[in-house]
Amino acid sequence: MSKIDTLICARWIVPVTGTQRLLENHAVAVHRGAIEAVLPIAQARERYTPNETIELESHVLLPGLINTHTHAAMNLMRGIANDMPLMPWLTEHIWPIEGEFMSPEFVADGTDLAMAEMLRCGTTCFNDMYFFPDVVADRVDRTGMRAAVGMIVIDFPTVWAANAAEYLEKGLALRDAWRGHSRITTVFAPHAPYTVSDEPLAKIRTYADEMDLRVHMHVHETAFEVADALEKNGERPLARLKRMGLLTPNFLAVHMTQLNDDEIATCAANGVHVLHSPESNLKLASGLCPVQKLIDAGINVTLGTDGAASNNDLDMIGEMRTAAFIGKVAANDAAAVSADTILAMATINGAKALGLDDITGSITPGKAADLCAVDLDAIETRPTFDPVAAVVYNASREQVSDTWVAGRRLLADRKLTTLDEADILARAARWQTTLSGHARDRNNS
C-alpha cells in the first residue's frame, strides 16, 4: 500500500472536467499538495495508507472556487455607501475614503478579513485589484491561499504611487519579488479605460506581450462609461482597447454589461476572457452581462464577486445562484446558463482566464489539491436529486465545511486554521469606528 498525506472520502465528487459529470462514493488521494488519484472509496482504502482520512458522508466535493474579480481590502468598506450608481459611489464615497485612510495596515487588515470570508465559502483562489499589492501578496503567502495579485495602474496619484510610471515601476518590482511562487502570480491591473490614458496602456501592452502576463481591467461596466467615452474620444472603450492592441487571449475584461453584437464577435475573435460580477452589477444598477451570448460566441466567461463595498459580500456560492438566474432572464431562456455552466465558470473557466488551468480548477490527478466540501445534509438542500444543481440553486455558504489549498486544510469543520478569527474581527471593529467617524463628518458637511 502507498503512503499518502490525506484521503478524502465523499458522498459525491464533481470533477468539473473529464468524462464523468458526477462520481458517487469516491475518494481523492492527496499527497505533497497534489491530487494523486480519484477513485472509488473501497479501492482507495485498499491502495493507500493515509496519514489522515476525512469522511464526508453527506458532502459534495468540488474544485476550489475561483473568484476572478475582487478588491479584497475593500471588505473594510462593506456597506459604507449603498443605493447609488457607480460614479457617485466612487467619487463621493470610495475615493475620498481611500484618499484619507489608505495604508499598508488598511490593506493587510482588509485582505485578511476578505480571505477569511472567501475560505468560508469555498474559495481557494482570487484575482485581486487594489493598492499595496505587495501587502496583499504577503498576506496571501501567510494564509496559504492562491491568488493573482494585480499590479494596479491609474493615472492619478495615490498613497501607493504618484503617477502611472511609478505604478508600473512598483508593479514590475512586485512581479520580480514573487516570480516563481507556487501560489502567487501577478497580473497587470489598469483600473478602467476612463482612469488610464494611452501612454501607460501602451506600455502595459508591451510588457504584457513580452512577459506573457494577463491584463485585468474594468470595461464597459455602465452605459455612462460608454457614452462618456464616445463624447470625449469619439470611440467606445472596447474600440480604443482594440486599436491599442490590448484585446488578446491575455486580456481579462470585467463587467461587460454594455455590448453590441460586433463587440462580442471582436472579443471572441481575439480570445478575450470576460469576468462576470453579477451582484455588483445589480446593486449598482450597471446592467446585465449577456452571458449566454458570450458563451455561444465561444468566449470564456468566469465569475467574480467584485469588492464587498459594492456587492456586499464575497460569497461565491451566492454569486453562482445569482449568475444563473439573471443569465436566464438576460437570455430570455430558462435553459440558458445552466448549473453545470455556472460551476464551470466558478472553477475551470476562472483557472483558464488566470492561466492556471494546468494547476487548479478541476479535480484531476496531477493538479493541486484545491478543494472545497459542501454538506448537503441540510433542510435547505434535501432531498438531493442533483448535487450540482443543489449547490448552485439552493445551497448556502454556511454549508461549506472544509476548504483546501495545495492540500492544506485552511478551513476545517467551519474553523479557519491559518487565520485568527477573533483578531480579524477586532481589527475590523477598529476600522469600523474610524470609518464611521469619516462617514458622519461627510454627512454633516
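# Exercises on a predicted model

The largest pocket has a volume of about 310 Å³. The structure is a predicted model, in which local features need pLDDT of at least 70, side-chain atom pairs count only at pLDDT 80 or more, and totals for chains, interfaces and linings use all residues. Residues are numbered from 1 along each chain as its sequence is written, and side-chain values use heavy atoms, with hydrogens and water left out.

## Exercise 1: the largest pocket

Describe the lining of the largest pocket.

**Solution.** 
1. Begin with the terms. On a 1 Å grid over the protein atoms alone, a pocket is an open set of points with protein on both sides within 12 Å along at least five of seven lines, whereas a cavity is a set where a 1.4 Å probe fits but cannot get out; lining residues have an atom within 4 Å of a point. Points are joined across faces, edges and corners, and a volume is the space filled by probe spheres set on them.
2. The lining comprises 19 residues, and those nearest the pocket centre are Ile 184, Thr 185, Thr 186, Leu 213 and Leu 356.
3. Helix H5 (164–178) and strand E8 (184–190) each contribute at least two lining residues; helices (H or I, at least four residues) and strands (E, at least two) are DSSP runs numbered from the N terminus. The largest share, four residues, belongs to E8.
4. By class, the lining holds seven nonpolar, six polar and six charged residues. Here Ala, Val, Leu, Ile, Met, Phe, Trp, Tyr, Cys and Pro count as nonpolar, Asp, Glu, Lys and Arg as charged, and the others, Gly among them, as polar.

## Exercise 2: the annotated positions

Which residues does UniProt list for "binding site", and what surrounds Glu 221 and Asp 306?

**Solution.** 
1. The unreviewed UniProt entry lists Glu 98, His 191, Glu 221 and Asp 306 under "binding site". The lining of the largest cavity takes in Glu 98, His 191, Glu 221 and Asp 306 from this set. UniProt positions follow the numbering used here, feature names are shortened, and annotations may be inferred rather than shown by experiment.
2. Glu 221 sits in the loop between E9 and helix H7 (223–233). Its relative accessible area is 3%, so Glu 221 is buried (buried is under 20%, exposed over 50%, partly exposed in between, with a 1.4 Å probe and protein chains only).
3. Neighbours within four places in sequence aside, Glu 221 is in contact (heavy atoms within 4.5 Å) with Leu 86, His 255, Thr 257, Gln 258, Leu 284 and Ser 286.
4. Asp 306 belongs to the loop between E12 and H12 and, at 6% relative accessibility, is buried. With the same exclusion of neighbours within four places in sequence, the contacts of Asp 306 include His 69, His 71 and His 255.

## Exercise 3: backbone features

Where are the cis peptide bonds, and which residue other than glycine has phi near 55°?

**Solution.** 
1. Another cis bond runs from Arg 382 to Pro 383, with omega near -5°. Pro 383 is in the loop between strand E13 (371–375) and helix H15 (387–393).
2. Phi near 55° is found at Asp 212, an exposed residue with a relative accessible area of 54%.
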